[in-house]
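Dear colleague,

I am passing on a structure that you have not seen before, and I would be grateful if you looked it over alongside the notes in this email.

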Amino acid sequence: MGGAGGTRQAVIDRRQAVVLVAVVAALVYANSLGNGFAYDDVPIVEDNATITSFDRLAQAVVSPYWPIPAGADLALWRPVTTGVLGLQYIAGGGSPLPFHITNVLLHAAASGLLVLLLAHLMSLPAALVAGLVFAVHPVHTEAVANVVGVAELISTVAVLGACMLHLQGGERSRWGRSLLIGLLFLIGFGAKEGAITLLGLIFLVDAARERLSFRDLPSYLARRWRVYFVMLVVAVGMLIGRLEVLQGVATPNRPLGADLLAEIPKIWTLGEIWTHYVRLWVFPLDLSADYSPNVIPISFGWHAINVTGVALVLLVLVGSIVAWRRGPLGVGSNSARAAAFGVMWFLIAVSPVSNTVFVSGVLLAERTLYLPSVGLAAAVGWLLVRMARDRPRAAPVILVLVLLAGSVRTWTRNPTWEDSRVVFLTLARDYPHSGRSQWLLGDTFLDRGQVSEGLFAYRAAMNLLDSNYVLVTHVTQKLMALGRYQAADKLLDIAIRDRPTSPLAYGMRAGVRAELGDAAGTERYARISLALYGRDPLRQHVLAWALAARGLWDEAAEARSRGDELGRVDFWQRWIYDGYVARREGDTAAMLAALDSATVKVNTEVGRVALDSILVHDFGVDPSAFRPDSELQP
């Protein structure tokens, strides 16, 4: 009877710990509920028409994560995240509040699951401390306070849930539990690519509770093969899905402004990044929405900072190897292996974005540290409880100070993600020398009509970010909107040279040539763009006009049909196409109506010149009979 009562009391204590941590996690992020859409939220959620209805959402789920023409170039497919964002948008009518409520609740769930997971591997006090540190740590603000951080949250909750299911099973994996773990793996992987590390984390959890050696692996796999088989099937299925949606499996993108990492030794820059990992966890006062050059500069040799980073990593690894030799982990354990477990968890979870094995899409981003920091929280939890045994008076004071400082910093950081304006102002104030700041400054100047200042900032950004492909195509779009097509055409030379297999720059050049009235050039670049990515309705419609202008009617009709299937677009060349068709059919009234619509739609001086030439040479009509030049929109 006494034993049963003790077990019951332990369960109640564990539940109380979980509830306490979850409540703290929710409270410290409560002021993020007043945030709107900021930064990446705007294109992915607020301005994303593909998630506003169930019919569109079904197609969005099997499309690239970024809902832009270059979405496939960014090599991200997150069907679970897209689906969740769409359901929230539909249910809440586009209001940001439901999104932020969901994020806070998911963070509370992740914090509670962390306590449950670690309570199977160490003492409950250590698990509780780890959960509290994780709940309030400021490095998580980007993931929780920014709407699109839901990808990190869903992925982490799924990974922690899968690890919990695995821990609660016996020594031998069973099909039922393995399938449930596979389902959570599918959800996590579908939310964020980093969840693929669950394969390694499951092994880490097992290795931490046993004394595994290489000769034990055959017997281990004989016991666990079912769970690994299910996860491998899920991983292969997701990779096939990425291949279908993105025409590729892994991201081809290099970190913003860090193309040189593919040509020079990465270790020089990685050493500096590693110092930021330590700083962000130990002293997270200085936080940033961006860590591209020059926030983290590309290093061209050894210096004090990157040498320090490498030394810190080696020191931590040596310490972890020593700590791993201590006793296995388990319920109530105080083994130093917990610290090594935390370090190994961090290294495994951060590996997809660490730029160590391959170059990833970012040098560093605070949101990507959400799942990896589970391990660091575990190590801190063990350390503080161990300290409490030797320094019973100092340890509680240190814990209170850590939690109080973390809560205050998180609370003050949350409003930074209120909207894009606040994010930009904060970034520009803290890191005005960064390439991203200059990029955003260029956007701001152009929005205010200060064109020369905006173009100057863009030039600075391109110098700092090494003429990054995404930045160059972004500036090209701005130049096209300003009617500076010749300058845009020159920038596209840089983009095409940098990324010859990307469809975006070719598609944009097709648009430039179309605006200039160059049917042959339009056809050439539209065909290249569509060969690389055929689901772009705009390029199909532009191609249809170019083919019709050259008298290739059958091909033009086929391109128009494909364009209509993918989506209707409205631009002046489309109406010229209708004018060609109407003239060919002998319908003069329809032809004139189409030409009149074309003159209404043209909105650049360059386009007007090209249109006037087409009206005269192809249709034999006087441009002045339609829309006066004085009515041309700027």
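Residues are numbered from 1 along each chain as its sequence is written, and side-chain values use heavy atoms, with hydrogens and water left out.

The average pLDDT (the predictor's confidence in each residue, from 0 to 100) is 89 for the chain, and 96% of the residues score at least 70. Residues 1-11 stay under 50 and have zero contacts beyond four places in sequence, a contact being heavy atoms within 4.5 Å. Residues 629-634 also stay under 50, but for them the model has 11 such contacts. Where pLDDT is low, the predicted coordinates should not be read in detail.

The chain holds 28 helices and zero strands (DSSP runs of H or I with at least four residues, and of E with at least two, numbered from the N terminus). Along its principal axes the C-alpha trace spans about 100 × 50 × 45 Å. Of the 634 residues, 54% count as buried, where buried means under 20% relative accessible area, exposed over 50% and partly exposed in between, with a 1.4 Å probe and protein chains only.

By the rule that a side-chain nitrogen of Lys or Arg lies within 4 Å of a carboxyl oxygen of Asp or Glu, the count comes to 22 salt bridges. One of them joins R436 and D290 at 3.6 Å, N to O, and it links distant parts of the chain, since R436 is in helix α18 (residues 435-447) and D290 in the loop between α12 (267-282) and α13 (304-324), 146 residues apart. D290 is buried, with a relative accessible area of 6%, whereas R436 is partly exposed at 22%.

Another salt bridge pairs D518 with R513, their closest N and O atoms being 3.6 Å apart, and bridges that share partners join D489, D493, R509, R513 and D518 into one network.

Finally, W175, L179, W225, F229 and V233 make a nonpolar surface patch of about 520 Å² (residues with over 30% relative accessible area and no salt bridge, like charges being joined within 9 Å and nonpolar side chains, Val, Leu, Ile, Met, Phe, Trp and Tyr, within 5 Å). Helix α11 gives the most to this patch, with three residues.

With best wishes

Methods:
This is a predicted model: local features need pLDDT of at least 70, side-chain atom pairs count only at pLDDT 80 or more; totals for chains, interfaces and linings use all residues. Accessible areas come from the Shrake-Rupley method with a 1.4 Å probe; for residues, only the protein chains shown count as cover.
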